[in-house]
Amino acid sequence: MDVKNQTMPLEQEIQTDFHKEMSYGDYLHLDKILSSQHRLSDHHDEMLFIIIHQTSELWMKLIIHELNAAIQCIRCNDLEPSFKMLSRVSRIQQQLIQSWSVLSTLTPSEYMQFRDKLGHSSGFQSYQNRLIEFALGNKNAHTLAVYQHQPELYAELQDALHKPSIYDAAIAALATHGLSVDENALNRDWSQNYEPNASVEAAWLTVYRNPNQYWDLYELAEKLVDIGNQQQLWRFNHMTTVERIIGHKKGTGGSSGVSYLKRVLDQQFFPELFSLRTKL
């Protein structure tokens, strides 16, 4: 008997009747998710373009979920649970970075076959990416203009703009642990971009010179460095992928494209956590 050609029967305990039970597809609402890819052209590669961006948005949703929870933990001076959340964010960022290499299989000739179908829609308008940037401390009220046509979303982004970022929460944690931090770094206008502060750098230097004494703060700092680095890598890979596919054309949303993305790379997160390394 040729056992290789035999069909293996299902184990008796495997559930097969889902007339009155919740199935895998029911739980995940796969009918909605997998029917949400609507090409506007007949080009084969538009499906790649849509799925890359949809899956990226799902990963971003999880990043926001984890970042918000981590910020809450840090503000409650309960640092340890935040470490797992921030490690997860870093792993998700790796997935997002890898997605650019998949999108880069789209050639310029292929993309030009359906690019005009996008109209003025652009990744610049990703409100979840904006929420992530706000949560990491890159605040820019001008970016909210593209969401004015969606009042509820605009209000959500306005709220996020005026909330302390994860770095603001970390700076407050320094003060909670008895380290000296200037009042203007602790109680500032959260809607403004953070400006480097000498007292914050001095506080982090104390943490790094005494890791055993300030282990939780030391661990938090390194988790933030991981996330800051990964976000910059994501930005860089975004820029190089765009350059590979459209060169220096303007973006569909009206930006200067690659030139704009290069300027974004100059916006560093958590500045004192990087500047202190020179002074250690």
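Q: Contact means heavy atoms within 4.5 Å. Among contacts between residues at least 6 apart in sequence, what share joins residues at least 24 apart?
A: The share is 69%. The model is predicted: local features need pLDDT of at least 70, side-chain atom pairs count only at pLDDT 80 or more, and totals for chains, interfaces and linings use all residues. Residues are numbered from 1 along each chain as its sequence is written, and side-chain values use heavy atoms, with hydrogens and water left out.

Q: How many helices and strands does the protein have?
A: Both are DSSP runs, numbered from the N terminus: helices are H or I with at least four residues, strands E with at least two. Here there are 13 helices and zero strands. The C-alpha atoms fill a box of roughly 75 × 55 × 40 Å along the principal axes.

Q: What percentage of the residues counts as buried?
A: Buried means under 20% relative accessible area, exposed over 50%, and partly exposed in between, with a 1.4 Å probe and protein chains only. Of the 280 residues, 42% are buried.

Q: Which residues line the largest pocket nearest its centre?
A: Rolling a probe the size of a water molecule over the atoms shows where empty space is left. On a 1 Å grid over the protein atoms alone, a pocket is an open set of points where a 1.4 Å probe fits, with protein on both sides within 12 Å along at least five of seven lines; lining residues have an atom within 4 Å of a point. Here 47 residues line the largest pocket, and His 53, Ser 122, Gly 123, Phe 124 and His 238 lie nearest its centre. Helix H3 gives the largest share of the lining, nine residues.

Q: How many disulfides are there?
A: A disulfide is a covalent bond between the sulfur atoms of two cysteines. The cut-off is a pair of cysteine sulfur atoms within 2.5 Å. The count is zero.

Q: Which side chain of opposite charge is nearest to Glu 272?
A: Lys and Arg count as positive, Asp and Glu as negative; His and the chain ends are not counted. A salt bridge needs a side-chain nitrogen of Lys or Arg within 4 Å of a carboxyl oxygen of Asp or Glu. Glu 272 is buried yet has no salt bridge; the nearest such side chain, Arg 188, is 9.3 Å away. Glu 272 sits in helix H13 (residues 271–279).
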